[in-house]
Structures are given as structure tokens and as C-alpha cells.
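Please look through the model shown below before reading on.

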Amino acid sequence: MPAAAPPIHSTRNALVARRIGWTAAAVVAVLLSVLLSLAVGARAVAPSAVVDALLYGGHSDDAEVIRQLRVPRTLIGLMVGAALALAGTALQGITRNPIADPGILGISQGSSVGVVLAIAFAGVHTLSGYVWYAFAGAAVASVAVYAIASSGRGGATPVKLALGGAAINALLVSVTMGVLTTSAATLDEFRFWQVGSIAGRNAEVAGQVWPFLLLGTVLVISVARGLDALALGEDVAKGLGQNVAAVRIVGGLGATVLTGVAVAAAGPIAFIGLAVPHIARAIVGSDHRWVLPMAALIGPVMLLVSDVIGRIVFPPSEVPAGVMTALLGVPFLVALVRRKAVPA
């Protein structure tokens, strides 16, 4: 006779235990990536010197390098990595599009337009000044896309959101290129921000963006159940008592805030918002109450490790983190696809 199936509660407990184990491993990975970010670079610092600088107020040259340069850089990496990963996870759930990322709704390009206009017409020339314009550009782009998608029959469907995002993105690219081709000075300054990097960021930038990071995280987490229901289809989600429009608006607002914060602080860093949600689902399953926290842990690891590798590949020069995330992340995502670990 065939063996009896294991009890449902036993299977559920095993799944929860596996998820907790992977979450603990991800937390350890975050701590190790922070240590690497503080200790490794053009000037290597011993882990003991890192501990001395952070806990005991050391006054050596290494301690000053850690506190003044690497701590702010690492904080920005943690915040930007988590923000992009959460935004990508929310957008893939809202649009039910497995290749969605923070650029699909024109949000990243909206930030770019905000920075270009700030440089060209507002006389803003500091990273701390870029933050507000980039955030405003992301917000305007997101509102424009949703307004286009929600008009007409059927409201803001996934297809209409994607098409509206593509249209707005093309328009914003044209605006950006138009300004840059008529102002060489703006082009020179914008290239520094456009490449996507967490180098040169200071504690002031981190202080400006963390409240928005917290707000966006709360908004996205609050619709976790709604995203699970939406994955089953709109009709099923409505049958389960979910307000589909509210889930999309709240989740989209949270993703906009998170993307605006990330792009404002570090420039447009590619691939994290696309790849990390798939990696998180491959590890903990499709329940967004687990996927979102896991993505928030994996995103900073990917960004910080990419940044560390970029520091040491061609010393003393650095490869920007935005370049390294794609170089390191693409093979990993391809491997997941080949193993069919990425859900359709």
C-alpha cells in the first residue's frame, strides 16, 4: 500500500522552520556584508580596527576612514538595497509581471528628469540637494502613469500599467536627453549621478532619506496579503474580500516612495529590483509576508557585495556599484531561470 501523506500541520511546520532558517542565514549574510563594506577597499582595514572605531572610539587613521567615509557609504548601501528590493517585489505583485522592476512605471526615469532639471535650471550641485528633486520626479512620474492606466474601461489593469509606464518612460528619456544635449555642463555633472553608485555619499544623505524609507516599507508591508490574493487573479482577490484598487494604490505608492528614495540617494542602480524578488521567492516561497522581509535582506547583501568587489577589481580606481550589480546578478538570475526556480 502507498505510504500515508504527512499531516498538513507537520508540512506547514517544516515550511515555517525552513523559512526561519533561511531568514536567519540572510541576517548573517547582511552582517558579513556590512563587515566587508567597512573593512575592504583600496585601503584594507583589519576587523579589529573596525570594532575599535565603532565601539571604542578609536582615533587612528583607519578609524577615521571608517567613521567618516565607510560608515555613511555602508548605511546608504543598506537602505538603497532594501528599498529597491522591496519596490521591485511590490511592483511585480501589483502588475503580476515577473519582469517588472522599479523602472517599469517610469519611476527611475522620473527621478533622472528631476535631477537633470535641478542641475540645469535650479542651480543644485550637491547630492543632498538632488535628493528632493529626484524624489519629486519619481512621484510625478508615478502619478502620471497611474492616471493614464486608470482612465477608460477596466481601470488600472496590469497591461495598462505596463503600457502607460513604457509611454511615460519614453517621454521622460526624451526630456532628459533634450536637456543634456543642450547643456554640456549639465551633462558632465549628471554623468556622475547617472552611473549609480554609493561612493561619496555622506551621513546627511542618509538622514534625509531614512524617514521615506520607513514610510515606503510600512506601505508595502501593509499590502502583503493583498499581493498574495492579487497573484490569484483580480476576480479571486475580490472574492477573498480584497479591495484590488486599494492594494494597487497603497502598494504602488509604497514602491514609488522606495524607488524615489533609492534613486535619489544613489542614482539608478539596475537589476536589484528585478532579480532579488525572484531569489527571495525561490528561497521562501510565494507568501509575501515572507518574501518582502527576505527581499529586504537580500537586496543590501547584493548591493554591498557588488560595491566591495567594485572597489578591489581595478585598484586604486573603483567600478560603480550600479555596474557591478548587473555583472554579478545576471548570471545568478540566468541560473535560477535554467533551474526553473523563477515562477511564471
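In which loop does Phe271 lie? Phe271 is found in the loop between helix 11 and helix 12 (272–284); helices here are DSSP runs of H or I with at least four residues, numbered from the N terminus. This is a predicted model, in which local features need pLDDT of at least 70 and side-chain atom pairs count only at pLDDT 80 or more, while totals for chains, interfaces and linings use all residues. Residues are numbered from 1 along each chain as its sequence is written, and side-chain values use heavy atoms, with hydrogens and water left out.

Phe271 is not a glycine, yet its phi is positive, at about 85°. Its relative accessibility is 12%, so Phe271 counts as buried (buried means under 20% relative accessible area, exposed over 50%, and partly exposed in between, with a 1.4 Å probe and protein chains only).

Helix 11 leads on to a helix pairing. Two packed helices are described by the angle between their axes and the distance between the axes. Helix 3 (residues 61–95) packs against helix 11 (residues 244–266) at an angle of about 150°, and the axes are 8 Å apart. The axes are lines fitted to C-alpha atoms over the stretch in contact, and the angle, on a scale from 0 to 180 degrees, is taken between N-to-C directions. Helix 3 is therefore roughly antiparallel to helix 11, a term for angles over 145 degrees. The crossing of the two helices is left-handed, meaning that the near helix is turned anticlockwise from the far one by less than a right angle.

Which residues make this contact? From helix 3 come Ile76, Val80, Ala83, Leu84, Leu86, Ala87, Ala90, Leu91 and Ile94, and from helix 11 Arg248, Gly251, Gly252, Ala255, Leu258, Thr259, Ala262, Ala265 and Ala266. Contact means heavy atoms within 4.5 Å. By type, the residues of the contact are 14 nonpolar, three polar and one charged. Ala, Val, Leu, Ile, Met, Phe, Trp, Tyr, Cys and Pro count as nonpolar, Asp, Glu, Lys and Arg as charged, and the others, Gly among them, as polar.

Asp307 and Arg73 are both buried, with relative accessibility of 1% for Asp307 and 10% for Arg73.

Arg73 also forms a salt bridge with Glu318, where the closest N and O atoms are 2.8 Å apart. Glu318 sits in the loop between helix 13 and helix 14 (321–338), so its pairing with Arg73 ties together parts that are 245 residues apart in sequence. Glu318 is partly exposed, at a relative accessible area of 39%.

Asp307 meets Arg311 in a further salt bridge, at 2.9 Å from N to O. These two are four residues apart in helix 13, which separates them by about one helical turn. Arg311 is buried, at 3% relative accessibility.

Thr74 is another residue of helix 3. Its relative accessible area is 3%, so Thr74 is buried. Leaving aside residues up to four places away in sequence, Thr74 touches Val34, Ser37, Leu38 and Leu304.

Notes. Parallel < 35°, antiparallel > 145°, perpendicular 65-115°, else oblique. Salt bridge = Lys/Arg side-chain N within 4 Å of Asp/Glu carboxyl O.
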